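Welcome, and thanks for taking a look at this one.

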Amino acid sequence: MIVTVPWLLRRQAEERPLQTAVESTNGTRITFGELEDKTTALAQALIGDGLSRDEPVGLSFRNEHAVDYVTAYFAIQKAGGVVVPLNPNSPRLERDSMLSHAKIQRVLDTEALMLLSSQPGECEEVELPCLSEESLAEIIYTSGTTGRPKGVAVCHRSAAGDLSGGKTGAGKVFLSPVPIHTFAGNSFVVSCVKYGMTNRILTRFSLEAFVAQLQQEDVFSVYAVASMWMELFQSETHYQALEYPHIRTVCSGASTMPPWGVTRLGAAFPRAAVVNVYGLTEAGAAGCRMRPGDHLKKPGTVGRPLGSSEVRILD
C-alpha cells in the first residue's frame, strides 16, 4: 500500500463522504466527499493550465478562506505539484525571497482558485499522475526566528505520517485557532483528514471567539500555541469559567509551554489528555508528544518519540 496525502483523502471520502471535512467559523464548510470530487476536478484543471510534475505552487490564504486553502492544498498534490504555504501578511521583501528561493511561478489565492474552478470541463479526461511515498509533497518555510527562513522539503511519506493511533477522534471535531499557513495549521490539514476528524478553523483568533468555540459540545480535541493558552490563563473571567467535560484532548505546541502552564491546562480540562506536542519544521511533523498523565509526572517534558521517529536530546 502506497500512502500519500491524496490517498488519505480518498480513504475518508469512501468511508465518510457526508461528514464535514473542513469548516471555518464564518460558516463555510465542505464534506469529505465534496472535497475529494472538487480537488480531483481542480487538479485536472491545474494540469490543463500547464502545471508540471514537481512544480512548486504558492498558497496565499487567510483563515476565513480555510476551505479554499484545503481544496487547493490537496488539488496541487493530486496534480503532482508541490505545496508552498505563504503568509499573506508577510513583508513584500520576505515573500519575494521565498518565491525566488523556491522557484515559484504560480501562486493560488481565492481569486485564482475561482478562475480555475470556473473553467469549462474539457479537462475531465486528464489523467492524474501516480505518486510515490518519496514524491515531494510540500516545502515548508521555517518561521525565521533564528535567522533567515529556510525551506524544508517534505515528501509524502513524512507528510502523511504514521497511520497508527488517532482512531478515537474519527467523526469528531478538532478545533484549531492558529493561522492555516503556519507549520502547525498546515499539519492539521493532513492529520484531520488522516484520522477522519472535522477540522474547525477559527476565522480570527480572539479570546472571546476561542472560548465560545471551546463551549461547543461537539469539540473533541483542541490545539493552541502557548501564547494563546497563556492569554486564557491570565483572564480571570474566562479561566475560572472553564468546565468543558466534552473535550478529551488538549494540545499545546509551536513554542515553549512552562511546566506551570501545562499543569494549568490539566486543571482546566480535567477529563482531557494534556499533550505538549514537540516537533521541528525540518522533521515534517511532530516528533514527540506526551502520553496521558505525563503532565502530572513531568510537566516540562517534550514527551516520547512518535511512531517511527527517533529523537536524540543533545543539550
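A polar contact here is a pair of N or O atoms within 3.5 Å, where one must be able to donate a hydrogen and the other to accept it. With that in hand, the side chain of Gln19 reaches the backbone oxygen of Gly196 at 2.9 Å. Please keep in mind that the model is predicted.

**Around Gln19**
- You will find Gln19 in the loop that runs between helix 1 (5-15) and strand 1 (20-24).
- Gln19 counts as buried because its relative accessibility is 16%, and buried means under 20%.
- Its side chain also makes a polar contact of 3.0 Å with the side chain of Arg16.
- Not counting residues up to four places away in sequence, Gln19 touches Thr31, Phe32, Gly171, Gly196, Met197 and Thr198.

**Around Ser90**
- Ser90 sits in the loop between strand 4 (82-85) and helix 4 (92-101).
- With 14% relative accessibility, Ser90 counts as buried.
- A polar atom of the Ser90 side chain lies 2.9 Å from the backbone oxygen of Asn87.

**Nonpolar cores**
- The largest nonpolar core has 44 residues, and those touching the most other members are Leu46, Leu59, Tyr69, Val70, Tyr73, Phe74 and Leu108.
- Helix 3 (residues 66-78) supplies the largest share of this core, with nine residues.
- A second, separate core holds 37 residues, including Leu214, Phe220, Trp229 and Val274.
- Leaving aside neighbours within four places in sequence, Tyr69 is in contact with Leu59, Phe61, Pro85, Ile180, His181, Asn186 and Val189.

Note on methods:
Residues numbered from 1 in each chain as written. Predicted model: local features only at pLDDT ≥ 70, side-chain atom pairs only at ≥ 80, totals over all residues. Heavy atoms only, no water. Core = buried A, V, L, I, M, F, W, Y, C linked by side-chain atoms within 4.5 Å. Buried < 20%, exposed > 50% of the residue type's maximum accessible area, 1.4 Å probe, protein only. Helix = DSSP H or I, 4+ residues; strand = E, 2+ residues; numbered from the N terminus. Contact = heavy atoms within 4.5 Å.
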